[in-house]
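The stops below are given in the order in which to select them.

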Amino acid sequence: MKNRSSAIFAIFFVFFFVTGCVQKQVATSGAVKKPKNVIMIIGDGMGPEQVGLLLTYAKQAPNSVIVEGQTGFDKIMAQNGSIGLSMTHAKDVLVVDSAASGSQMATGQFSGSEMIGLDFNGDPAVTVLEKAKAAGKSTGLISDTRVTHATPAAFAAHQAHRKMENEIAVDMLNAGPDVMLGGGLRYWIPKEANDKASAVRKELEEMTEGSVRIKSKRKDNKNLLAQAKDKGYSLAFNKNQMDAASGKLLGLFAYSAMPDGIRVSNSLSDPQRNMPTLREMSAKAIDVLSKDDDGFFLMVEAGLIDWAAHYNDAGGMLHELMRINETISYVVDWAKDRDDTLIIVTADHTTGGFGFSYTGKNLPKAKALPGKMFQDRDYKPGYNFGDPGVLDKLYNQKLSYTDIFGKFDSLSKEEQTPKALADLVNEYTQFPITEAQAARVLETEDNPIYSEGHSYLGSKVVPKLDNKDAFFVYQKYDNRQNLLALEVASDQFVVWNTGTHTNTPVLVFTKGPDTAREPFEGIMHHTQLGQRTMDAVTAP
Ligand code: MG
Ligand code: ZN
C-alpha cells in the first residue's frame, strides 16, 4: 500500500515536473501566445489630429454626447491597452496614399503609391487576410466606403492601381473573405443591368428591394453577385436582409460610399432606417466570424474620416469620428472579458493637417481673478485661446459640406447666387457666412489662384484633383468645400494645412493578451505593423 502510493506520488511528481518544464520552455523560448482573433480597425485619414478632435470634443464640449467623455480610445487604455506610433510612407516617397498604406499594413512589405496588395516592385504580396485564411481562420472586410475602395481592397486584391475596382471586385470574390460589408454595388453587377428592360435588372430590383441605386460601372457582363451566390454567400442590400442572413455574407448597401457621418447621426433614431451603421456591420461580422473555432481576422474601415478631412469639413469630420468611436467601443466591449482577441486601432495616414489654434480675433475682456497674484491687476490674456463652445457648434452641423453644395447644385442656374449659398450654410451649420463670403467661395471656379492649387493666405493649399469621380462622389468642383472651410476657420478656431494627406506618424492603439499586444508598442513603420499583425494571425 505504502509502495503503491509512493509510486503514484512519483508518477504525479514526474508529471508535474515534466509539464512544468514544458511550460517553462514555452515561456523562455520567446514563443508568443497567438491570439485566436485579430480585429484591425482603420480610420482612414485618422491621424493624431483627428483622434485629438474626438478627445477634445469628448472631454471639453459643454454638451458632449459621449457618455462621461469616455471614448473608445479611453476604453482601450483603461483595459491595459498600449499606444504605439507608426510612420506610414510608401517606398521612396514622403507621403502615402490609402492604397499603398493599406498594402503595407496588409502585407508587411513596402509598396508603391496607389498600388493594391503589391510590393514596391509590383509583385503580388501575401496579405494578412490570405495568411489568416490559410491558417484555417475565418476572415472579414468591412468599409463604410466601397468594399472595393483602396483600404479593404489592399487586404484581398492584387492590382496595379487602386482605380481598377472592377478587377479588384473579381480578386476579392476569389480571395473569398467570409464576410464583406460596405458600399460599391456598382462594381459587382453586370453592365447589362443598366438596361432597364433587362432580366438581370428586374432580378436586381427585386433582390435589393429598392435599397440601392442600380447602375453598373463594369465594362463586362460578369455578374459577381451570381458568382458570390454560387460560392455560398448570402447577399444583403439593407439592414433587414443583413440581420436575417447567416453564414458567409456579402453586403453591398450603397451604389458608391455609404452615407456620411452626419447623415448617419441624423438617421440613428429613425425607426424606418434600413441602412446598417458601421457598428452594426461590425457586430454582424463578429457574430458570423466568431463561430469559427480556429478564430478570425477582421478588418473594419471607417473610410469617410479621410473624405471629410480632404474637404476640410470639421463638423463632418467630427461625425465621422463619432462613427468610428461607436464602432471601437462596441468591439472593445465585445472583447472585454476575453483573453484571446487582439484589437489594433490605427490609421493609414493623416489627412488635412487639422488643428485648433488661437487667434487675435475677439480678444478676451479684462476680468478680475480671486487669486492673490491678481489682486492688483486684471486677468487679460493677449490672444483668444478658443471657446470650447465651438465643439458643440461643430457637432450641431446638420449637413456635410458635400451635401450643402449638393443642394446648391440642385438649384437652377439662376438660383445659384451667393445669397442662396449663404442661406444654405447658415441653415445647416452654426458658423454663418455673409453674402460677400459666399461670393468669394463661388468666384473661385475660374480663379487660377485657387484652381491651380497655389498657396493662399500663406498656408492654405487648395487641392486640384484631376480625377474627381475616383475619390469624391458628390461634388462637381473640388475646391468650394475647402474655401468655405477657410471662410469659417477663424470662427471655428480651426486651421487646415492642406486638402490632401500629410506624413505625420499615426497612433496605434492595441488591446489584447500582453504577448500579442507588446510588439505594437513603441515607434515603428506600417510595414512592421503589418508584419506583426501577420505574426499574430499565424497558427501557433
Ligand atoms: Mg480608405
Ligand atoms: Zn485621402
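Select Ile42 in strand E1 (37-43) and Thr346 in strand E8 (341-347): the two are bridge partners. Strands and helices here are DSSP runs, strands (E) of at least two residues and helices (H or I) of at least four, numbered from the N terminus. E1 and E8 pair in the parallel sense over 7 bridges, where pairing requires that DSSP finds at least two bridges between two strands. The model is predicted: local features need pLDDT of at least 70 and side-chain atom pairs pLDDT 80 or more, while totals for chains, interfaces and linings use all residues. Residues are numbered from 1 along each chain as its sequence is written, chains are lettered from A and ligands numbered from 1 in the order in which they are written, and side-chain values use heavy atoms, without hydrogens and water.

Stay on E1 and look to its other neighbour. Strand E7 (296-302) runs parallel to E1 and is joined to it by 6 bridges, with Met40 opposite Met299. Now show the side chains of E1. Asn37, Ile39, Ile41 and Gly43 point one way, Val38, Met40 and Ile42 the other. Because 7 of the 7 residues of E1 are buried, the strand is largely enclosed by the rest of the structure; buried means under 20% relative accessible area, exposed over 50% and partly exposed in between, with a 1.4 Å probe and protein chains only.

Next, select the whole sheet. It is open and mixed, with 10 strands in the order E5-E6-E4-E3-E7-E1-E8-E15-E2-E16. Its edge strands, each pairing on one side only, are E5 (234-236) and E16 (522-525). From one strand to the next the twist averages 15°.

Strand E2 (residues 82-87) and E16 run parallel and are joined by 4 bridges; select Gly84 and its bridge partner Gly522 to see one of them.

Within H14, pick Gly316, which counts as buried because its relative accessibility is 3%. Leaving out residues up to four places away in sequence, Gly316 touches Ile262, Ala308 and Gln397 (contact means heavy atoms within 4.5 Å).

Which protein donors hold the magnesium ion (ligand 1)? Select Asp44 (OD), Thr151 (OG1) and Glu301 (OE), which lie 1.9 to 2.2 Å from the ion. Donors are N, O and S atoms within 2.8 Å of the metal (3.2 Å for Na, K and Ca), and sites may look incomplete because water is not among the atoms. Asp44 is in the loop between E1 and helix H2 (48-60) and Thr151 in helix H6 (residues 150-156), so the pair ties together parts 107 residues apart in sequence. Both Asp44 and Thr151 are buried.

Move to Tyr255. The charged end of Arg186 sits over its ring, 5.1 Å from the centre, and Arg213 lies over the face of Tyr255 at 4.3 Å from the ring centre. A charge sits over a ring if NZ of Lys or CZ of Arg is within 6 Å of the ring centre and within 35 degrees of the ring normal.

Select helix H16 (residues 401-410), where 7 of the 10 residues are buried. The buried residues, including Tyr401, Phe405 and Phe408, pack against H11 (261-267), H17 (418-428), H18 (435-443) and H21 (480-492).

Finish with Phe354, Phe356 and Trp496, a cluster linked by ring pairs. Rings of Phe, Tyr and Trp (its six-membered ring) pair if their centres lie within 6.5 Å; planes under 30 degrees apart count as stacked, over 60 as edge-to-face and the rest as tilted.

Terms used: Axes are lines fitted to C-alpha atoms, for helices over the stretch in contact, and angles run from 0 to 180 degrees between N-to-C directions.
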